[in-house]
Amino acid sequence: VKSKMEGLRYVCTKIGPYQTLPLAVYLADLGLEPVLLHLEEFWPGDTVWAKALYKKGWDPLVCHMVNGPADAAVVDEMSVDICLGELPGRKAKIPAVPQLSDLYGMTGYERTINLLQKLLCALDGNGAAQEERSDKRGAI
């Protein structure tokens, strides 16, 4: 998985109950570069994750997205390889993994495997089909 993802750039928009900063640290370990991260709120405990991400050499833009069309226009202009989360109004053909909320409640390897499957399917161009199957069966 790391060989397919190393060096890819991504944005993280609204991803539901998933915590953005711990996810960014995990993805940094796989070699992905965070370009823009949406945070609902910055909690005191997030400082640990922000420092960990910075120690890995990344200092992405951080924002709170509230205007879908305007946010989508900004993301469309960025040179990214994948978009994690929902962002209505995107016009660019950036592979996306819009549904991460179905990972909520999973733990351990099950969550990790499902996340990685979603990423690989989106990068291979099968993201939409995979998302559709996920809706019908529950978790991938």
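Student: In this predicted model, which residues does Glu33 touch, not counting residues up to four places away in sequence?
Tutor: Start with the place of Glu33, which is in strand E2. Leave out residues up to four places away in sequence, and the residues Glu33 touches are Leu8, Arg9, Tyr10 and Trp58.

Student: With which side chain does the side chain of Glu33 make a polar contact?
Tutor: Touching takes heavy atoms within 4.5 Å. A polar contact takes a pair of N or O atoms within 3.5 Å. For the side chain of Glu33, the distance is 3.2 Å and the partner is the side chain of Arg9.

Student: How far apart in space are Glu33 and Gly57, C-alpha to C-alpha?
Tutor: Along the sequence, Glu33 and Gly57 are 24 residues apart. In space, C-alpha to C-alpha, the separation of Glu33 and Gly57 is 9.3 Å.

Student: How many of the six residues of E2 are buried?
Tutor: Strand E2 covers residues 33-38. Buried means under 20% relative accessible area. E2 is largely enclosed by the rest of the structure, because the buried count among its six residues is five.

Student: In what order do the five strands form their open sheet?
Tutor: The protein has six helices and five strands. From the N terminus on, its elements run α-β-α-β-α-β-α-β-β-α-α. The pairing in the sheet is parallel, and the order is E3-E2-E1-E4-E5.

Student: Which strands stand at the edges?
Tutor: Look for strands with a single partner strand. Such a strand has one side left without a neighbour in the sheet. That picks out E3 (61-63) and E5 (96-97).

Student: Which residue in E2 does Val11 stand opposite?
Tutor: E1 and E2 pair in the parallel sense over four bridges. The residue in E2 that stands opposite Val11 is Leu36.

Student: Is His38 buried or exposed?
Tutor: The cut-off for buried is under 20% relative accessible area. Among the residues His38 touches are Cys12, Lys14, Thr20 and Cys63. His38 has 1% relative accessibility, so it counts as buried.

Student: What is the distance from the sulfur of Cys63 to the nearest cysteine sulfur?
Tutor: A disulfide needs cysteine sulfur atoms within 2.5 Å. By this rule the count comes to zero disulfides. For Cys63, which is in no disulfide, the nearest cysteine sulfur is that of Cys12, at 9.9 Å.

Student: Which class of accessibility do Cys63 and Cys121 fall into?
Tutor: Buried is under 20%, exposed is over 50%, and partly exposed lies in between. At 26% relative accessibility, Cys63 is partly exposed. At 17%, Cys121 is buried.

Student: How many of the 10 residues of helix H2 are buried?
Tutor: H2 runs over residues 20-29 and is mostly covered. Its buried residues include Leu21, Leu23, Val25 and Leu27. They pack against strands E1, E2 and E4 and helices H3 (46-55) and H5 (108-123). The buried count for H2 is eight.

Student: What is phi for Gly31?
Tutor: Gly31 follows H2. Leaving aside neighbours within four places in sequence, Glu6 is in contact with Leu30 and Gly31. Phi of Gly31 is positive, near 95 degrees.

Student: What distance separates the C-alpha atoms of Glu6 and Leu32?
Tutor: Glu6 is in the loop between helix H1 (2-5) and E1. Glu6 and Leu32 are 26 residues apart along the chain. Their C-alpha atoms are separated by 5.5 Å.

Student: Is Asn114 buried or exposed?
Tutor: Asn114 has its place in helix H5. From Asn114 to Asp102, C-alpha to C-alpha, is 9.4 Å in space. The relative accessible area of Asn114 is 4%, so Asn114 is buried.

Student: What share of the 140 residues in the protein is buried?
Tutor: The accessible surface of the protein comes to about 7,800 Å², with 54% belonging to carbon and sulfur atoms. Of the 140 residues, the buried share is 41%.

Key:
Residues are numbered from 1 along each chain as its sequence is written. This is a predicted model: local features need pLDDT of at least 70, side-chain atom pairs count only at pLDDT 80 or more; totals for chains, interfaces and linings use all residues. Side-chain values use heavy atoms; hydrogens and water are left out. Helices (H or I, at least four residues) and strands (E, at least two) are DSSP runs, numbered from the N terminus. Buried means under 20% relative accessible area, exposed over 50%, partly exposed in between (1.4 Å probe, protein chains only). Accessible areas come from the Shrake-Rupley method with a 1.4 Å probe; for residues, only the protein chains shown count as cover. Two strands pair if DSSP finds at least two bridges between them. A polar contact is a pair of N or O atoms within 3.5 Å; within protein, one must be able to donate a hydrogen and the other to accept it, and residues adjacent in sequence count only if both atoms are side-chain atoms.
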